[in-house]
Each structure stands twice: as structure tokens, then as C-alpha cells.
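Student: I would like to learn how to read the features of a model. Please take them one at a time.

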Amino acid sequence: MLLISTSGALGKYIDLPVFVTIGCRALLAGVLLWMFCKWKKISLKIAPSDRWTIYMGGVLMGVHWVTYFYALRLSNVAIGMISLFTYPVITSFLEPILLKTKFQIMHLFLGILVLIGIYCLVPDFSFDNTYTKAVGFGVFSAFCYALRNLIMKTKVTRYHGSVLMWYQLVVISIVLFPSVLIMDTDNLTTQWPWIVMLALLTTAIGHTLFLFSLKRFSTTTASIISSIQPVYGILIGIVFLGEIPMLTTIIGGVCILTSVVIESIRTYK
């Protein structure tokens, strides 16, 4: 979670078009993961029956990254990351539908608490307000991320986490890397150190470790444990970007993360 939390500050700091940033991130992380699989002699073969599910996971991951980075660009690290962290509650609603688990009434209460938190993030719901757009992108990113995690949950027992992540990165690279050829990349050479950090620490290592965690936890539980991520991300934003969150942002964040903590305690019991 600490490694994945660097995405907020890096996504805000890197001065490149979002599609270029994500395309480069996916391509570089894919190369790093391919080298890791070859070093560990991990087979990259997947069954034909699983390919389209894994490819769809890659599409959802790409949409999640792009919309999340737009949320960061339109607001700040705090709002971008907190709006994204509606995904544990979204997961709790999607999991009974997709994985046929039992739905719990308590999740309705937690969903209402999350809606209150979103309202606090953007008290003025107007599409002329960039923060409204940012939260919209963030919540849609959360939906895509929750759906991707649930889809990949069905495959983590059959394949190594690095293999699943590698195929998703290949899909994202193929779809987005052409943007490097058509969008403004004049300052690409000055941004490479941060893209390398985003690809290696945040993506190749962080997200692979998260997929490994799905072998030991339910998707909802893994999402709950990751609730520390916005706290890490906001602290990183304060230290490195000087972004101090507003009081309303803190109140909204407390509401959203409280729902996650409540679910965590219930799951533990």
C-alpha cells in the first residue's frame, strides 16, 4: 500500500498528457515484469479460456488509471485519492452480484456514509467546478478498479500475480502507447525519472503485491486493508508537493475511511 500510494503525488507531479504518462508507465512496467518472470522462470502461458477475462481486466485497469490521473490533475492528491477510495464499498455491492456471495444490509449504511463523504468533498455540485469533475472521475475510476479486482479474483488461484499483471500491462501498452506519437511529448526526457519510479515502485512491485494478497483475502478484505493508502498518499502530497487538504476534504475523507474501518472490524470479527 505504501508503494501504490506514491501514485497520487507522481500522477499530480509528472508534466505530461495523461494518456502518454499511463502508456509509458504500462510499457516500462511491462518490460520490468517480463524480466522478473524470465529471471524467476515463471511461465507466461495462460489458457485460451482465460484470455478474454484477463484482457478485460487490462482494459478496466487502463480506464481506472486514466480517470484517476484526470481526477488528480483537476484537483489535488487528497481529493483524487479519497474519491478513488469509494471502491471498497463499491466492491461490497458488486461482489454479491458477480461472485454470488451473500449481501449484507450493513453495506447499505456504509454506502450512505460514503455518499456523505463525497458530498463533503464537493459541496457545490456544478460541472463548472473542477472539483466536481475530479470526484466524478475518481468515483468512476473506483468502479473500474473494483470491477477489475473482482474479475481477477477468479484467476489468482490459477496464475502467478506477476503473470496476471503483465498481461494487463500489455493490453494497456497496446491501447495507449500510440498516444506518444500524436500528443505533446516535448518534455518527455525530463520526466523519465518519475515515470520510471511510477512504473517500478507503484506499478510493477506495488500492484503485483496487491494481486498476491488476493490469494489470502477476499476482494473486499483486501480493499479494506488498502484503506491506509489515502493517508499515505496525502502525507506524501503534503511533504513533497506542499498540498494541505481543506477542512471539508478532511471531513469527507474521515466519512469514507470510517466506512472502511467499520467494515474492517466486522470482517475481522
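Student: How many of the 12 residues of helix α5 are buried?

Tutor: Some ground rules come first. This is a predicted model, in which local features need pLDDT of at least 70, side-chain atom pairs count only at pLDDT 80 or more, and totals for chains, interfaces and linings use all residues. Residues are numbered from 1 along each chain as its sequence is written, and side-chain values use heavy atoms, with hydrogens and water left out. Buried means under 20% relative accessible area, exposed over 50%, and partly exposed in between (1.4 Å probe, protein chains only). Helices are DSSP runs of H or I with at least four residues, numbered from the N terminus. In α5, residues 87–98, nine of the 12 residues are buried, so the helix is mostly covered. Among them are Tyr87, Val89, Ile90 and Leu94. Lysine 100, which follows α5, has a positive phi, near 60°.

Student: How is the packing of two helices described?

Tutor: By the angle between their axes and the distance between the axes. Axes are lines fitted to C-alpha atoms over the stretch in contact, and angles run from 0 to 180 degrees between N-to-C directions. Helix α8 (residues 161–176) packs on helix α10 (residues 188–213) at about 125°, with the axes 8 Å apart. That makes α8 oblique to α10; under 35 degrees counts as roughly parallel, over 145 as roughly antiparallel, 65 to 115 as roughly perpendicular and the rest as oblique.

Student: Which residues of α8 and α10 meet?

Tutor: Contact means heavy atoms within 4.5 Å. On the α8 side are Gly161, Ser162, Leu164, Met165, Gln168 and Leu169, and they meet Thr203, His207, Thr208, Leu211 and Phe212 of α10.

Student: Which residues touch the most other members of the largest nonpolar core?

Tutor: A nonpolar core is a set of buried Ala, Val, Leu, Ile, Met, Phe, Trp, Tyr and Cys residues joined through side-chain atoms within 4.5 Å. The largest one has 58 residues, and Ile22 and Trp65 touch the most other members. Helices α2, α3, α4, α5, α7, α8 and α10 each supply at least two residues of this core. A second, separate core of 13 residues includes Leu110 and Ile234. Among the contacts of tryptophan 65, leaving out residues up to four places away in sequence, are Ile22, Met165, Leu169 and His207.

Student: Is leucine 113 buried or exposed?

Tutor: Leucine 113 lies in helix α6 (residues 106–121) and is buried, with a relative accessible area of 15%. Beyond its neighbours within four places in sequence, leucine 113 contacts Cys255, Thr258, Ser259 and Ile262.
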